[in-house]
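Reader: I am new to protein models and would like to learn how to read one. Could you take me through a few features?

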Amino acid sequence: MRINNDFAMNEKYLFIETFGCQMNVNDSERIVTMLADSGYTQTATATDADLILLNTCTVRGGAEEKVYKRLSHFRSLKKAKNSLILGVGGCVAQQEGDHLLLKFPWLDLVFGTHNLHLLPELVQGAEKGERRCETAFIDNEERLDLFPPVKGASRLSRFVTVMQGCDNFCSYCIVPYVRGREISRRSEDILDEVRQLAGEGVKEVVLLGQNVNSYGLKTADEPDFSRLIRSVGAVEGISRIRFTTSHPKDMSDELIACFADQPKLCGQIHLPAQAGSDAVLARMNRGYSRAAYLDRIHALNKARPGIAITGDMIVGFPGESEEDFEQTLSLMEEVRYADLFLFVYSPRPGTKAAELPEELSREQKVERLERLLGLQRRITMEINKSYLGTLQPVLVEGEGKRPGQISGRADSGRIVNFPGDPALIGSFVMVRIVAAYQNSLLGELQQSM
Ligand code: SAM
Ligand code: SF4
């Protein structure tokens with residue numbers, strides 16, 4: 001709402017485009033919060049913006065080109081409005097640094113993955129015509145105090161970062177190089193944030209990090225992840241806890257036990273296998289075998305029968321034979337993932353796997369990807385159909401896609417749409433599932449909880 005014309009004249013608009021993972025989504029929320037204090041209101045339209053930021057990802061090939069295309073596209077806006085500020089942050093910024101400023105003379109600022117807190121200063125400088133790049137890593141305790149909080153995002157479900165960076169160096173992955181060393185936040189800071197969110201009416205927290213289940217393992221005075229979950233579960237007002245992402249090698253018995261005895265912990269886990277063959281897993285430097293992975297899956301199913309398991313799988317890793325690939329198909333049949341993110345391997349410069357010879361053509365990789373997609377579509381549909389007739393507790397999060405419908409998530413993370421009154425948004429309801437689709441379920445409201 002605009003209060004008077006003077007205020008309207010001073011209002012500045014931020015357009016932010018986010019690429020990649022939930023970590024980037026969470027960083028973008030942080031950026032929006034920080035820049036609100038500098039007078040910027042978020043807009044959904046780039047043409048309205050006084051400041052355009054691209055929060056980038058470089059996990060797979062082609063990311064840089066995508067960003068370059070967007071920068072070229074925004075050049076015309078800059079030509080039309082000289083005061084427009086253009087910035088790039090995230091993993092591509094971390095990787096390319098001030099080359100970006102040289103390559104794109106109309107770009108004003110570049111900020112790395114450890115430099116979010118400098119953004120208000122960089123923007124202020126850019127308003128005066130300065131062009132700056134800040135990409136220094138902060139690989140010490142100081143980083144723990146540089147977590148600007150998120151305000152004003154979705155009221156019901158919020159990300160809470162518990163750790164940053166990664167020390168695993170999977171041979172294909174660029175994350176440790178662009179996100180830096182693994183660092184766990186202090187548990188007290190995390191719990192303060194969760195309490196604060198509960199006070200604001202947040203019902204669900206999603207504990208976030210590249211490898212959340214190694215939380216606290218390298219810090220003498222901090223609890224491990226299972227104990228952190230128990231403490232978060234004790235926060236009044238928080239009804240649901242989810243977390244992402246977990247690494248199979250750090251999936252402890254204590255953490256699995258939380259699925260048995262922590263009712264607030266949702267029956268859903270993202271546990272990427274990446275491949276089904278031991279030979280490929282070893283070349284990927286994943287640190288577990290197929291049998292060890294399956295052991296964790298069986299333990300999870302025992303602790304929480306019906307748990308929805310999701311994962312990531314890479315197809316066409318260097319040296320992946322037809323037999324290796326069939327091991328991936330058979331792992332998928334054995335685990336029965338509720339959903340799977342499938343990636344065609346792409347070499348990332350500087351990683352160990354990028355030095356391995358690639359034997360598969362693009363066409364072969366795509367053909368294998370299609371086979372994985374077909375199998376996963378069948379399994380997902382079978383799992384979705386298994387919910388038919390069941391009662392599901394749903395946290396109503398918003399209006400549905402169709403008029404008259406509202407929508408939320410079941411404990412399993414599945415989206416459930418059903419006819420209902422938008423006044424129910426924010427409450428838990430019981431919904432009977434009456435139809436199953438590939439990406440969602442349709443229900444009928446039974447009762448409010
Ligand atoms: N930390 C998480 C983990 O270990 O599962 C995920 C990190 S990464 C941002 C998300 C996914 O991207 C990975 O699980 C992997 O499947 C995929 N990925 C990473 N590097 C890749 C590459 N070079 N080519 C294809 N897919 C890749
Ligand atoms: Fe990348 Fe492996 Fe770390 Fe995940 S665990 S971020 S895949 S290096």
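Predicted model: local features only at pLDDT ≥ 70, side-chain atom pairs only at ≥ 80, totals over all residues.

Reader: Which order do the strands have in the open sheet of three strands?

Author: Strands of a sheet pair through backbone hydrogen bonds, either parallel or antiparallel. Strands (E, at least two residues) and helices (H or I, at least four) are DSSP runs numbered from the N terminus, and two strands pair if DSSP finds at least two bridges between them. Here the order is S12-S13-S14, with parallel pairing. At the edges are strand S12 (268-270) and strand S14 (339-344), each pairing on one side only. Strand S13 (residues 308-315) is joined to S14 by six bridges, and Ile314 stands opposite Phe343 in S14.

Reader: How do I read the side chains of strand S7 (residues 157-161), and which way do they point?

Author: In a regular strand the side chains alternate between the two faces of the sheet. In S7, Ser157, Phe159 and Thr161 point one way, while Arg158 and Val160 point the other way. Five of the five residues of S7 are buried, where buried means under 20% relative accessible area, exposed over 50%, and partly exposed in between (1.4 Å probe, protein chains only). S7 pairs in the parallel sense with strand S10 (residues 204-208) over five bridges, and Val205 in S10 is the bridge partner of Arg158.

Reader: What is the phi of Phe169, and what is that of Arg336?

Author: For Phe169, phi is near 50°, a positive value in a residue other than glycine. Phe169 sits in the loop between strand S8 (163-164) and helix H7 (175-179), and is partly exposed at 31% relative accessible area. For Arg336, phi is near 55°, again positive in a residue other than glycine. Arg336 belongs to the loop between H13 and S14, and is partly exposed at 33%.

Reader: Where should I look for a cis peptide bond?

Author: Look at the bond that joins Thr244 and Thr245, where omega is about 5°. Thr245 lies in the loop between strand S11 (240-244) and helix H10 (253-261).

Technical notes: Residues numbered from 1 in each chain as written. Chains lettered and ligands numbered in written order. Heavy atoms only, no water.
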